Amino acid sequence: MIEKTTKIRNDFQSRIASVTGLADLESVHQDFLGKKGRIQELMQELKTVPNEKKREAGQLINACKQFMESLLEETQEKLEKKEWENKINSTGTFDPSLLISREQGSYHPITLIQREVEAVFASMGFTIEDYPEIVDDYHCFEALNIPPFHPARDMQDTYYLSTGQLLKTHTSAAQNYIMRKYGAPLRAIFPGRCFRNESTDACHENTFFQMEGIMIDENISISNLIYFMKVMLSEVFGKPVEVRLRPGFFPFVEPGFELDIKCLICGGEGCPSCKDSGWLELCPCGMIHPKVLEYGGIDTEKYTGFAFGLGLTRLAMMKYGIKDIRTLNSGNLKALSQFN
Ligand code: DAH
């Protein structure tokens with residue numbers, strides 16, 4: 001056993017000495033420490049060692065394993081460093097942020113919540129779609145039944161480019177594109193960053209995140225929408241959440257609603273985050289207006305659908321108890337890295 005372990009250890013050292021890259025290192029790792037690796041072989045053999053020698057042999061194998069693990073780690077660090085140096089030398093540029101090791105970073109609370117919600121909807125058959133931040137007037141407004149000079153535009157002032165394009169004010173801007181891309185029946189969610197020309201306070205920001213969802217099929221009604229929202233919210237908060245529906249007006253849905261959730265920061269008592277109302281507007285929603293379906297090329301005789309525009313930023317504030325929306329864009333690592 002001693003001889004065999006020493007041989008394996010030597011073989012390991014010579015393999016490590018000739019490793020040229022990270023992929024190569026991974027195969028050494030598998031060959032020696034993997035499920036069918038040589039250490040595993042030794043462990044099998046240990047069973048046949050007489051009882052009085054088992055302990056010693058076990059310690060020997062363990063020491064060998066630890067030696068391998070630390071050498072693998074050390075080599076990995078060296079190789080990674082070398083790869084960065086090669087990259088820097090070949091491009092001639094140096095970005096210090098790239099050298100920060102993965103353990104030091106953390107996901108932004110919005111990313112965390114986005115992934116969680118995506119997983120819930122994906123498990124219910126929704127696809128996850130991406131869409132640009134710079135859009136045209138047609139997609140952001142007209143295809144959503146908001147013609148030029150419609151008063152609904154007043155609430156969604158945004159940043160215009162000299163090309164006539166604009167920064168999207170809501171994720172609804174992708175509805176038309178997605179309807180045209182897939183046709184009916186359709187289930188999709190599309191998260192995204194949105195922009196509005198607003199003054200900021202504890203609950204308003206000029207840059208925030210939404211997640212739009214649409215479901216189009218035969219016989220879809222508002223009860224389907226309520227079902228999906230309840231499932232999603234109870235998954236995200238890990239307990240049933242109190243919600244209420246109020247009528248709401250949006251030109252692209254009929255009927256339209258506001259789905260509110262009881263403020264989890266103050267428990268409904270009233271605080272600055274919920275404008276002292278005890279409730280937070282979380283998710284405007286409704287049945288997609290037939291005109292919007294038509295613009296999207298959907299047969300309105302056959303299909304109906306619901307849409308919702310979930311406030312991802314609000315949801316993150318609720319879930320993590322973030323009192324001021326401005327924290328999220330602040331770049332304050334101390335505040336933002338505590339939720340992972
Ligand atoms: N796009 C709207 C906004 O940002 C929110 C919205 C309302 C989205 C109703 C929807 C909806 O999908 O059905 O103000």
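In this predicted model, the loop between β5 and α8 (222-237) holds N219. The backbone of N219 has a phi near 60 degrees, a positive value in a residue other than glycine. N219 is also exposed, with a relative accessible area of 72%. D276 is not a glycine, yet its phi is positive, at about 60 degrees, and the residue is exposed, with a relative accessible area of 59%.

Two cis peptide bonds are also worth a look. One joins A184 and P185, with omega about -10 degrees; P185 lies in the loop between α7 (175-182) and β4 (186-195). Another runs from E254 to P255, with omega near -5 degrees, and here the proline belongs to strand β7 (residues 253-262).

Turning to the ligand, the space it takes is the largest pocket. Around the ligand are 16 residues, of which H170, S172, R196, Q210 and E212 come nearest. By class, this shell has seven nonpolar, seven polar and two charged residues. Strands β5 (207-217), β8 (279-288) and β9 (304-311) each supply at least two residues of the shell.

An N or O atom in the side chain of Q156 is 3.5 Å from an oxygen atom of the ligand. On its own, the ligand has 360 Å² of accessible area, and the protein covers 94% of it.

Technical notes. Residues are numbered from 1 along each chain as its sequence is written. This is a predicted model: local features need pLDDT of at least 70, side-chain atom pairs count only at pLDDT 80 or more; totals for chains, interfaces and linings use all residues. Side-chain values use heavy atoms; hydrogens and water are left out. A residue is near a molecule or strand if one of its heavy atoms lies within 4 Å of it. A polar contact is a pair of N or O atoms within 3.5 Å; within protein, one must be able to donate a hydrogen and the other to accept it, and residues adjacent in sequence count only if both atoms are side-chain atoms. Accessible areas come from the Shrake-Rupley method with a 1.4 Å probe; for residues, only the protein chains shown count as cover. On a 1 Å grid over the protein atoms alone, a cavity is a set of points where a 1.4 Å probe fits but cannot get out, and a pocket is an open set with protein on both sides within 12 Å along at least five of seven lines; lining residues have an atom within 4 Å of a point. A molecule sits in a cavity or pocket if more than half of its atoms lie within 2 Å of its grid points. Helices (H or I, at least four residues) and strands (E, at least two) are DSSP runs, numbered from the N terminus. Ala, Val, Leu, Ile, Met, Phe, Trp, Tyr, Cys and Pro count as nonpolar, Asp, Glu, Lys and Arg as charged, and the others, Gly among them, as polar. Buried means under 20% relative accessible area, exposed over 50%, partly exposed in between (1.4 Å probe, protein chains only).
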